[in-house]
Amino acid sequence: MNRKILWVRLAYWAGIVADAIAAAFMLFPQLDNRLFSAAITSNPLFGLGVRRGAALMIGWTVLLFWADRKPVERRDILLITLCPVVVGYAGYLCYAWMSGFTALRQTIAGLITEAVFIAVFAAGYLNARQLSREHNTL
Amino acid sequence: MAVNNKVIWLRIGYGWGIIQDVFYCFPLLLPEHLARPIFGVDPTGNIAYINACRDHFPLMAAWTLLLIWADRKPVERREVMLFTAIIVALKSLITVFTNGFVWEIMWVARLGTLALFIFGYLYSRGAR
């Protein structure tokens with residue numbers, strides 16, 4: 001029982017930490033000089049597009065924190081985070097590489113990270129579902 | 001009756017949020033064609049902006065699903081409406097800080113949406 005809830009909460013907190021870091025880089029894209037060149041971050045339209053996305057990322061961070069208050073009851077949030085957020089971002093990474101926007105090395109590193117998140121969120125959701133079933137049969 | 005009204009206002013808010021999010025998903029997915037008429041931004045040849053839009057798309061699609069999810073149990077999940085209001089406010093602030101304030105008709109929609117979400121959240125307090 002304890003081990004299952006640990007997996008569920010680990011998934012929420014992995015999402016909270018990752019989203020908070022992502023939101024900071026989206027608000028201040030010039031800090032991410034590993035992924036984006038100075039030519040890209042100084043592009044005013046890029047800044048506008050990325051910063052608008054930051055609002056949603058901040059919202060998603062708060063949402064995961066809220067879901068973590070009732071981790072089993074609000075487990076669907078993990079499923080929505082898994083798909084379309086993480087799966088969609090993996091798709092975007094492939095598109096960015098194919099359009100020549102990012103290098104292959106960056107894309108592979110990103111895809112490995114997304115694969116880890118897919119595993120963590122899937123484990124979190126499945127454990128939460130099992131906990132809910134156990135609770136209902138008691 | 002009063003309780004029913006509270007739920008109705010919440011559901012109007014969720015429904016309006018879903019319509020807006022679906023509407024904004026299209027220019028994020030196809031910025032080359034739709035960013036100019038909807039966002040007022042000309043992305044021609046700006047691969048960085050097009051990538052920023054497509055990067056943003058999965059989160060917008062997810063927020064649409066989230067509002068549909070919240071609408072299934074509108075009162076129990078009413079905090080989602082507050083989070084959505086925070087996002088609308090943040091997006092507006094970010095746009096002003098990045099581009100400066102430019103009056104456009106979209107501000108009426110933004111402020112109306114914000115008012116609806118805040119009202120829906122506050123009015124539904126105590127509803128079951």
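Helices here are DSSP runs of H or I that hold at least four residues, and they are numbered from the N terminus. With that in mind, this briefing describes a predicted model in which 35 residues of chain A are in contact with 35 residues of chain B. Chain A is made up of 5 helices and 0 strands, and chain B likewise has 5 helices and 0 strands.

- Read from the N terminus, the elements of chain A follow the order α-α-α-α-α, and its C-alpha trace spans about 60 × 25 × 20 Å along the principal axes.
- In chain B the elements, again read from the N terminus, run α-α-α-α-α, while its C-alpha atoms fill a box of roughly 55 × 25 × 20 Å along the principal axes.

**The interface between chain A and chain B**

- The area buried between chain A and chain B comes to about 3,300 Å², and carbon and sulfur atoms give 75% of that area.
- Of the area that chain A buries against chain B, 22% is supplied by A:R52, A:L56 and A:W66, which is more than any other three residues supply.
- Between the two chains there are 0 salt bridges, whereas 5 residue pairs, with both residues at pLDDT 80 or more, are in polar contact.
- On the side of chain A that touches chain B, α3 (44-69) and α4 (76-98) of chain A each supply at least two residues, and α3(A) gives the most, with 17 residues.
- Sorted by class, the side of chain A that touches chain B has 24 nonpolar, 6 polar and 5 charged residues.

**A nonpolar patch on the surface**

- A:W13, A:V17, A:I21, A:F25, A:F28, A:L31 and A:F65 form a nonpolar patch on the surface, and together they have about 650 Å² of accessible area.
- Helix α1 (residues 2-27) of chain A contributes the largest share of this nonpolar patch, namely 4 residues.
- One of the patch residues, A:L31, is placed in the loop between α1 and α2 (38-41) of chain A.

**Local features of chain A**

- A cis peptide bond, with omega of about 20°, joins A:C83 and A:P84, and A:P84 lies in helix α4 of chain A, an element that also supplies at least two residues of the side that touches chain B.
- A:R51 is located in helix α3 of chain A, and although A:R51 and A:A23 are 28 residues apart along the chain, their C-alpha atoms are separated by 8.6 Å.
- When its neighbours within four places in sequence are left aside, A:R51 is in contact with A:M26, A:L27, A:P29 and A:Q30 in chain A, and with B:I94 and B:T98 in chain B.

Definitions and conventions. Residues numbered from 1 in each chain as written. Chains lettered and ligands numbered in written order. Predicted model: local features only at pLDDT ≥ 70, side-chain atom pairs only at ≥ 80, totals over all residues. Heavy atoms only, no water. Contact = heavy atoms within 4.5 Å. Buried area = accessible area lost by both parts, 1.4 Å probe. Salt bridge = Lys/Arg side-chain N within 4 Å of Asp/Glu carboxyl O. Polar contact = N/O pair within 3.5 Å; in protein donor to acceptor, adjacent residues only side chain to side chain. Nonpolar A, V, L, I, M, F, W, Y, C, P; charged D, E, K, R; others polar. Patch = residues over 30% accessible without salt bridge, like charges linked within 9 Å, V, L, I, M, F, W, Y side chains within 5 Å. Areas by Shrake-Rupley, 256 points an atom, 1.4 Å probe, with all protein chains shown as cover.
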